[in-house]
Protein chains: 2
Amino acid sequence: MGKRTVSQATFEEMSVSDFFYRNRDIAGLTNPSRSIFVAIREVVENSLDAAESQKIPPDVYVRLSFESEATKDTQIYKLRVQDNGCGIQPRFIPSAFGQVLYGSKYKLKQARGTFGLGGKMAVLYGQITTHKPVLVTSSTGQEKIYSFKLMIDIQRNKPILLDRKVITNKDNWRGTIIEFTLEGDYLRAMPKIIEYFKQTAMVNPYANITFVDPKGRLYKFTRVTTVMPEPPTETHPHPYGVDVELLQRLIQVSTCLNMSTFLRQHFHRVGEITAQKFLEFAELPVNKSPKKLSHDEIVKLMQNLKRYKDFLPPDASCLSPLGEELLKAGVMKELNPECLVVHQRKPSTYAGHPFIVEMAIAYGGGVPKTGGFVIYRFANKIPLLYDEASDVAYKVISAMNWRRYKVTPDMPIAIVIHVCSTKVPYKTVGKEFISDRIEVRKEEANAIREVSRQLSHFLTRQEHVHMEKKRLSIFSKYLPRIAEFSTTLSGQTRCPDVDKLLKSVQKYGTEES
Amino acid sequence: MGKRTVSQATFEEMSVSDFFYRNRDIAGLTNPSRSIFVAIREVVENSLDAAESQKIPPDVYVRLSFESEATKDTQIYKLRVQDNGCGIQPRFIPSAFGQVLYGSKYKLKQARGTFGLGGKMAVLYGQITTHKPVLVTSSTGQEKIYSFKLMIDIQRNKPILLDRKVITNKDNWRGTIIEFTLEGDYLRAMPKIIEYFKQTAMVNPYANITFVDPKGRLYKFTRVTTVMPEPPTETHPHPYGVDVELLQRLIQVSTCLNMSTFLRQHFHRVGEITAQKFLEFAELPVNKSPKKLSHDEIVKLMQNLKRYKDFLPPDASCLSPLGEELLKAGVMKELNPECLVVHQRKPSTYAGHPFIVEMAIAYGGGVPKTGGFVIYRFANKIPLLYDEASDVAYKVISAMNWRRYKVTPDMPIAIVIHVCSTKVPYKTVGKEFISDRIEVRKEEANAIREVSRQLSHFLTRQEHVHMEKKRLSIFSKYLPRIAEFSTTLSGQTRCPDVDKLLKSVQKYGTEES
């Protein structure tokens, strides 16, 4: 090859909003149908979070209205979403809607929105397809209502403030209204959008959700209870899930003067005794100042935190699962199956994040007969409707030895999975599916085995009942004849009562037949 | 509800490296096995790009060596990748390896790496799991070789320079060496890693790739040609794919004084006549200054660019597809099938990005018999090995009416798909699969119909040959007997020659039987 001149590559920096603008497929904004679905979903989720975080039963009003034709297959729509959530303080509004990766969501706390990204991506998508600003109106219930007209400076990732209005809040209104235009294909997106609202209502039975579609059709999902689950609380990382970066950050911000208080104050479920025992295990002096740990000691600390066997498992109090009762009620309402088994796993942890798997299996009744299992996936009370085959749940279900549970593929069976976590391990920013984390896979596998075992009891019993019915029908056919024959043979005139005899051979209660 | 005090949410900003640190599943760094695969792949792809962009036949040397045990299932490895690519100028090195979203890749140009993210994510993953710096050594072939020791300040998304060395480049060495440690599970990752190298070698026949694994096993993929495809060139966006944001940026940077030159200078395949005709269609004066367009006019311009029917399709010269010959050779070498059909589609475009679909279908021979089709997916010469079922190709293949092409699911059939584009519409940053863009789906569907049609000719012919053999075997069984019988009957002694007769009823050449 020898010496040759090579033209030089030049390098440049890119803002994160520019990155997502150029790679919007990553956020699920793939085509006009999916984009409209994603936009609605992201905004609705923010609304539900805003209400739920304050234990306010959510009232979410969504209106999508036709504005104009765009291309052969797409139209321009106006999306308006109003909620009764906590509202946003005016000084945060411009960045909260006009700057990617600016949000209130960067906490170890269960929430629907997790990336500080979704709402902005919807706004950004609206802007690049229609070039109109977004209108945000919000009040925290105080004296004023604030209204902002915004666009996003994509190259600098900063909000551009076009207008700002303040009016008096006479009725103590509290909530947020967001309104923007976007290009989309509602006709193609409609089935998924309706399905999304349906399934959302199923796992948020304390929410009122109203959707008015571009044809003026009204979809109303009314709350069946005002009982709210306890809002999830913020939590500390569990020692099993820390990495070196996290340790360093904790050391940096910590005011603790020794390792024992450091461990107790910054980690989930570490008390005085546990801290002491762990420090013995890790051969670290209790009185060492965390700020004096060398890089190598930090790495060793991290490895020992992962190795130590006696940390308590994470506590579910920071999570807000559905609960077996609510899950049961939701599935019953939707599918009304012959047999329904629900099961909530104990909390577990992956990479320091606690999570809970809830599982239901439903058989017969209203379960759709599709020639395969119907899978309903939820994560932090969000329905996941796309890319099922990539979800860890699909892998778990496919890997099951169903014959062991007397289940055959042609049976009308629905499987409902809910994963809730302070951090759901989504594989995509578009929240289509959950990635194959070993810990999640194990929990889902155990949960499905548990519900399947109970289902197999039902199926076995059903089989027995079926055989018993057959047996009884033979008895009930021939016993009277034998009785009659015997009566004639013995010269009697009155046949003996065979009913008693029939009952005596019956193995199951009569309510079965 | 009345008046109630509501606790206020606080907001904060997050750096993009912090975002990916907290959401590494998004970049494919899901578990210890997949992470090690992703890390190797990202670095190797950068190496291949660095060589190919300068038409240098790539020599890539990859060594993964065991460092220490980490946890029960994982180990610490050192990854070292050396290439003979163009090298990086020293002033760019710290940011190129220590700042997320800093790169040379933000151009309309076909390349493997597309996010300015992959290499940094690998380095970042190494850092958070082992807390060791990355070592980068590079030279552009000039007098000096530069060596940098770096870490990433994740919260600020900035490189931390730990050390910098300069030595004299006596041998005019050119290339880049990157070395860092990371936690992983090589044993579980191994099959995918080897498969990755195999398939990479298949579509990069001009590359030498060497991989030394932690057990000291050597995998060597030697180039079979030094003929390099023309390096892809940078291109302008195609008018069908622009959005308002892009139009605004072009207007901002443009020095053009009228619409005609603006269109010709900034768009792909727009000449003087096309520009003129389009401006008539869009009812825009030729002499209007682009900088004087109002917001509404820009939106209208964008819509008209999408609506206008007579733009030329994008030109493939900016793309670097494999070509039918190379694809054929690659598949032949790997699978040696009985029947192989390859087809390259004409260039098409989605969202302004030109792309080409190349498709091969192989039958019999060395095609693995798995009880289903084997699908090989490539994008810009990268093998895609995960999440097949979510790829648009899988949807296309599943939606085919295979019976029409005489194909049954039990046949030994392999389908090879290569999509090359200035921007592959990946669904995930981890480059697992291509999203369901309508235009891509259509092209893939047309390509697979084309190769399937040709395969069905082969299958029909094979069926005919099979039936013909059966027919001939009946003739050849009975004709001699009839001849013998007739001879006896007519009192002759010499049987007539039936071979001529047999040949006359034969429909296909003898080489078939």
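Student: In which sense do strand E1 (residues 12-13) of chain A and E4(B) pair, parallel or antiparallel?

Tutor: This is a predicted model, in which local features need pLDDT of at least 70 and side-chain atom pairs count only at pLDDT 80 or more, while totals for chains, interfaces and linings use all residues. Residues are numbered from 1 along each chain as its sequence is written, and chains are lettered from A and ligands numbered from 1 in the order in which they are written. Helices (H or I, at least four residues) and strands (E, at least two) are DSSP runs numbered from the N terminus, and two strands pair if DSSP finds at least two bridges between them. Glu13(A) stands opposite Tyr102(B) in E4(B), and the pairing of E1(A) with E4(B), over two bridges, is antiparallel.

Student: Which element gives the most to the side of chain B that touches chain A?

Tutor: In this contact (C-beta atoms, placed from the backbone, within 7 Å), 64 residues of chain B meet 63 residues of chain A. The elements of chain B giving two or more residues include strand E1 (12-13), helix H1 (16-22), helix H3 (93-98) and helix H6 (244-253). The greatest contribution, six residues, comes from H9(B).

Student: How do the residues of that side of chain B divide into nonpolar, polar and charged?

Tutor: Ala, Val, Leu, Ile, Met, Phe, Trp, Tyr, Cys and Pro count as nonpolar, Asp, Glu, Lys and Arg as charged, and the others, Gly among them, as polar. By class, the side of chain B that touches chain A has 27 nonpolar, 24 polar and 13 charged residues.

Student: How are H2(B) and H4(B) placed relative to each other?

Tutor: The axes of helix H2 (residues 32-52) and helix H4 (residues 118-130) of chain B come within 8 Å and cross at roughly 140 degrees; axes are lines fitted to C-alpha atoms, for helices over the stretch in contact, and angles run from 0 to 180 degrees between N-to-C directions. Residues that meet there include Val38(B) and Ala39(B) in H2(B), and Met121(B) and Tyr125(B) in H4(B). The contact has six nonpolar, four polar and two charged residues. Angles under 35 degrees count as roughly parallel, over 145 as roughly antiparallel, 65 to 115 as roughly perpendicular and the rest as oblique, and therefore H2(B) and H4(B) are oblique.

Student: Which are the edge strands of the open sheet of chain A?

Tutor: Eight strands in mixed pairing follow the order E7-E6-E5-E8-E3-E2-E9-E10. Within the sheet, strand E5 (residues 134-140) and strand E6 (residues 144-153) of chain A run antiparallel over five bridges, with Ser138(A) opposite Tyr146(A). Each edge strand pairs on one side only, and these strands of chain A are E7 (158-168) and E10 (218-221).

Student: How many residues of strand E13 (residues 353-363) of chain B are buried?

Tutor: A residue is buried if 20 or more other C-beta atoms, placed from the backbone, lie within 10 Å of its own, exposed if 12 or fewer, and partly exposed in between. Phe355(B) and Val357(B) are among those pointing one way from E13(B), Ile356(B) and Glu358(B) among those pointing the other way, and all are buried. The strand is mostly covered, and the buried count is 11 of 11.

Student: What is the bridge partner of Glu358(B) in E16(B)?

Tutor: E13(B) pairs with strand E11 (residues 339-344) of chain B over six bridges, Val342(B) standing opposite Ala360(B). Nine bridges join E13(B) to strand E16 (residues 413-421) of chain B in an antiparallel run. In E16(B), the partner of Glu358(B) is His418(B).

Notes: Two residues are in contact if their C-beta atoms, placed from the backbone, lie within 7 Å.
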